[in-house]
Amino acid sequence: MKMDGWIKLHRSILESETYNCLMLHQKLIMIEILLRVNHTDGTWFNKKTGNKVQVKAGQVITSINKIKNEWFKNEKQISDKKIRNSLEKLQKLDFLAIETTNSYTLLTVCKYSDYQEKENKKGEQNDKYGANEGQAEGELGASKGQQYKNVKNVKKEKNISNTRANKFDEVHMQLANLFVNEIKKNIADFKSPDTESWANTIRLMMEKDRRTKEQIEYLIKWVQQDDFEMANVLSPVKLRKRFDNLVLKAKQDYVKNNNSKKTGRQEQNQSLLERMKQGESNRIN
């Protein structure tokens with residue numbers, strides 16, 4: 001594959017659920033995939049079988065060994081295990097689809113058009129590489145003063161975006177730490193996550209989804225008391241994705257338990273549910 005042209009990578013990726021729940025080396029692998037997938041449909045020749053394989057836009061044929069020895073040949077800390085786990089995580093987060101054969105691994109970016117689709121908005125990149133088509137020679141030959149001004153504006157926008165993407169506060173961090181502590185009550189050897197990333201996801205839940213602190217705190221505790229959900233909801237990303245369904249399930253659990261003699265756990269659930277109801281009232285008001 002010829003390595004030329006551009007890719008379009010919007011800074012809004014900093015606020016995406018997928019990006020914010022990845023570790024640093026996983027973010028590098030995610031970006032590397034976006035850099036290496038085809039931007040147009042093409043074919044790949046399989047030397048082992050002599051067949052041609054169709055590779056569509058947003059796809060790349062590779063292998064664990066190739067990723068390690070070609071993509072990250074100078075990064076000794078990126079092991080086969082880290083690469084394999086990263087690809088599996090990206091698959092679980094619906095960023096990536098993986099098809100493995102005896103000869104190769106086909107990676108497909110699930111929503112490739114979200115990253116590379118042409119845009120017509122004023123001032124945005126709009127060709128297949130992310131660069132403006134037919135840019136006039138005069139535009140390329142802008143004065144040094146104008147270039148310097150543009151660079152300053154880009155840096156200013158980047159700083160604003162980075163600040164906004166990580167603008168979690170003490171409340172968000174407290175909830176993130178609460179989540180970790182609740183999980184560790186059931187999984188003692190649970191590996192400590194990137195709590196800043198968790199706090200940022202919780203911030204998005206409160207600011208974008210309009211969830212209250214009481215609602216989030218209630219569900220954090222409830223999922224780690226439920227025999228089934230305690231093993232399935234192990235991150236704010238998962239909590240956010242299933243929030244409404246979990247609220248419904250928690251209410252059904254409360255009604256069911258409220259019809260029998262209250263145990264210590266049931267009394268605790270009742271107290272938490274009352275706080276949930278209070279949170280919903282505050283949200284409406």
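In which sense, parallel or antiparallel, do strands E3 and E5 pair, and over how many bridges? In this predicted model, strand E3 (residues 59-62) and strand E5 (residues 105-109) pair in the antiparallel sense, and four bridges connect them. Within this pairing, Ile 61 has Leu 106 of E5 as its bridge partner. Strand E3 is covered on both faces, with Gln 59 and Ile 61 buried on one side and Val 60 and Thr 62 buried on the other. In a regular strand, side chains alternate between the two faces of the sheet.

Helix H3 (residues 64-71) contains the buried residues Ile 64, Ile 67 and Trp 71. Viewed down the axis of H3, its buried residues fall within an arc of 90°, and they therefore line one face of the helix. An α-helix has 3.6 residues a turn, so residues three or four places apart point the same way. The buried residues of H3 pack against strand E3 as well as against helix H2 (24-36) and helix H4 (80-92).

Ser 197 lies in helix H9 (residues 195-207) and is buried, its relative accessible area being 6%. When neighbours within four places in sequence are left aside, Ser 197 is in contact with Asn 20 and Cys 21.

Taken as a whole, the protein chain comprises 13 helices and five strands, and 37% of its 285 residues are buried. Of the contacts in the protein chain between residues at least 6 apart in sequence, 60% join residues at least 24 apart. The chain exposes about 18,000 Å², of which 47% is supplied by carbon and sulfur atoms.

Technical notes: Residues numbered from 1 in each chain as written. Predicted model: local features only at pLDDT ≥ 70, side-chain atom pairs only at ≥ 80, totals over all residues. Heavy atoms only, no water. Helix = DSSP H or I, 4+ residues; strand = E, 2+ residues; numbered from the N terminus. Buried < 20%, exposed > 50% of the residue type's maximum accessible area, 1.4 Å probe, protein only. Contact = heavy atoms within 4.5 Å. Pairing = 2+ DSSP bridges. Arc of directions from axis to C-beta. Areas by Shrake-Rupley, 256 points an atom, 1.4 Å probe, with all protein chains shown as cover.
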